[in-house]
Amino acid sequence: MSHARWSRRLLGVGAVLLLSSLSASASAQSAFTRAPGSVYAKLGYTYFSSNDYWDLGGVLRDRGERFTQHSLSLYGEVGLVEHLNAIVSFPALKVNHFANTNRAVGVGDLQIGFKLGTELGRGLKLAAMVIAEFPTGDSGATVQTETGANLILPTGDGEYNTWTMVALSRSIAPIHGWFNLYFGLNARNSGFANQLQVGGELGHHLLDMFYIQIRARLQVVPSDDLDVAAGFIFGEGTEFFSVGAGIAYPVPHTPIAITFDWEQAVAYRQNLYTGPVLTFGVAYEYDP
């Protein structure tokens, strides 16, 4: 593959990093808070593979070498005091490669934050979240092609940034369900444009055995001042509308649940690879 074609394929890798990291922390995007002393933890394995890249103009470029990512992530929530939770999300292992390169292996970017909730009445809950992301991943990780060329394929975006979110949630007792709505702003540094997200989730406790969810979210970048020369590989200018679904099965008489989540960008695709993002997980929950 020519150098120019490789350059085109690399433009959307940052968006894949974004999708996989957010799928691991989806439960943070709700207004429900944990009781003091309670704990929720999840170990998730995420798989993504695609050769469908949408450029900054929203055009599906010619299909080239397939990009694949494997990720192993840890997510946790702890109830500190009434209505206040701590949140941690850490991609403990990321493995990135193209079809004819070796693999870039490393940790991702650590996220640490807090969620503060309140009651609005009529069962509505409101929460605000601030989640700081630290550049613990390797933004300069490289892989080598069969011809010996080195390509940057990062495991992190190399910047400190902060997600600020507001969420509204409510249980829906007649259908044994719930809904979440949220709005978030990712304040980026290093000259990258900020990102806005809005999303929602509808859930249902099926047959008193399974928890199922359907989700949708939209990301936009409210700026035309993009770092075209240096920033695309880190998700600069990435926009999308995605849909997803999940299922969790609590193992009877244990604090363990088995989970599966799927997400895929289906519209407004700009500067990202698209395809199904699949996450298999094991969750642990403790209530004092």
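**View 1. Glu-263 counts as buried, at 10% relative accessibility.** Here, buried means under 20% relative accessible area, exposed means over 50%, and partly exposed lies in between (1.4 Å probe, protein chains only). Arg-217 is buried too, with a relative accessible area of 6%. The two form a salt bridge, their closest N and O atoms being 2.5 Å apart; the term stands for a side-chain nitrogen of Lys or Arg within 4 Å of a carboxyl oxygen of Asp or Glu. Arg-217 sits in strand E13 and Glu-263 in strand E15, so this bridge ties together parts 46 residues apart in sequence. Helices (H or I, at least four residues) and strands (E, at least two) are DSSP runs, numbered from the N terminus.

Before the next view, please note that this is a predicted model: local features need pLDDT of at least 70, side-chain atom pairs count only at pLDDT 80 or more, and totals for chains, interfaces and linings use all residues. Residues are numbered from 1 along each chain as its sequence is written, and side-chain values use heavy atoms, leaving out hydrogens and water.

**View 2. The whole protein holds 2 helices and 17 strands.** Of its 288 residues, 47% are buried. Among contacts (heavy atoms within 4.5 Å) between residues at least 6 apart in sequence, 63% join residues at least 24 apart.

**View 3. Lys-42 and Asp-261 meet through their side chains in a salt bridge (3.2 Å, N to O).** Lys-42 belongs to strand E1 and Asp-261 to strand E15, so the pair ties together parts 219 residues apart in sequence. Both Lys-42 and Asp-261 are buried. Follow the shared partners and you find one network of salt bridges joining Lys-42, Glu-201, Arg-215 and Asp-261. In total, the structure holds 10 salt bridges.

**View 4. Arg-34 and Glu-285 form a salt bridge, with 2.9 Å between the closest N and O atoms.** Arg-34 lies in the loop between helix H2 (13-24) and E1, while Glu-285 lies in strand E17, so parts 251 residues apart in sequence are tied together. Arg-34 is buried, with a relative accessible area of 14%, whereas Glu-285 is partly exposed at 38%.

**View 5. Strand E1 (residues 39-50) pairs with strand E17 (residues 277-286) in the antiparallel sense over 9 bridges.** Strands count as paired if DSSP finds at least two bridges between them. Tyr-47 stands opposite Leu-278 in E17. E1 also runs antiparallel to strand E3 (residues 67-81), joined by 12 bridges, and here Tyr-45 stands opposite Leu-72.

**View 6. Phe-210 and Tyr-249 form one of the 8 aromatic pairs in the structure.** Rings of Phe, Tyr and Trp (its six-membered ring) pair if their centres lie within 6.5 Å; planes under 30 degrees apart count as stacked, over 60 as edge-to-face and the rest as tilted. This pair is tilted, at 5.3 Å centre to centre and 40 degrees between the planes. Phe-210 comes from strand E13 (residues 210-220) and Tyr-249 from strand E14 (residues 239-250), 39 residues apart. Phe-210 is partly exposed at 24%, and Tyr-249 is partly exposed at 30%.

**View 7. Ring pairs link Tyr-53, Phe-67, Phe-98 and Tyr-273 into a cluster.** This close-up shows the four rings together.
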